[in-house]
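Welcome! Here is a short tour for anyone meeting this structure for the first time. Have a look at the picture, then read on.

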Amino acid sequence: MDYSKYFPIEEYYNKFVIPVNRNKYFFKKDKMLCPLHPDKNPSLGIIRSKSKGETCHCFGCNFYGNIVEFHQAVSRKVLKRYVSEDE
């Protein structure tokens, strides 16, 4: 399912990841520091496709997923909280 029409990854990153961890910031369009591992160079990219919608991929820790999977991973790593797909 394409969740990007409800909550794009870039918007999620700006509203949730940056306030929780101030050293995580956008570097340039569609490239950002990954909150899932110690990242010094932007390695997390947003991939947009018509068939799959919006996903993100980190070349540093090899994370790949949509906004729901990204939120689950960030919640586990940063907040130490498990979030189900339904939440």
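This is a predicted model: local features need pLDDT of at least 70, side-chain atom pairs count only at pLDDT 80 or more; totals for chains, interfaces and linings use all residues.

Residues are numbered from 1 along each chain as its sequence is written, and side-chain values use heavy atoms, with hydrogens and water left out.

The segment after α2 also holds R81. With a relative accessible area of 42%, R81 is partly exposed; that term covers values between buried (under 20%) and exposed (over 50%), found with a 1.4 Å probe on protein chains only. Apart from neighbours within four places in sequence, R81 is in contact with S75, R76 and E87, where contact means heavy atoms within 4.5 Å.

Now to α2 itself. At its start, a side-chain oxygen of N66 comes to within 3.0 Å of the backbone nitrogen of V68. The buried residues of α2 are I67, V68, F70, Q72, A73, V74 and S75, and they pack against α1, β3, β4 and β5 (64–65). Helices (H or I, at least four residues) and strands (E, at least two) are DSSP runs, numbered from the N terminus.

Of its 19 residues, Y13, L36, L44, F63 and F70 touch the most other members.

Which element gives the most to the lining of the largest pocket? That is α2, with four residues. The lining includes Y3, Y6, F7, I67, V68, H71 and Q72, and its residues divide into seven nonpolar, three polar and two charged.

Finally, the whole chain. There are two helices and five strands, arranged along the sequence as α-β-β-β-β-β-α. Of the 87 residues, 41% count as buried. Among contacts with a separation of 6 or more, 34% join residues 24 or more positions apart.

How values were computed
A nonpolar core is a set of buried Ala, Val, Leu, Ile, Met, Phe, Trp, Tyr and Cys residues joined through side-chain atoms within 4.5 Å. On a 1 Å grid over the protein atoms alone, a cavity is a set of points where a 1.4 Å probe fits but cannot get out, and a pocket is an open set with protein on both sides within 12 Å along at least five of seven lines; lining residues have an atom within 4 Å of a point. Ala, Val, Leu, Ile, Met, Phe, Trp, Tyr, Cys and Pro count as nonpolar, Asp, Glu, Lys and Arg as charged, and the others, Gly among them, as polar. A polar contact is a pair of N or O atoms within 3.5 Å; within protein, one must be able to donate a hydrogen and the other to accept it, and residues adjacent in sequence count only if both atoms are side-chain atoms.
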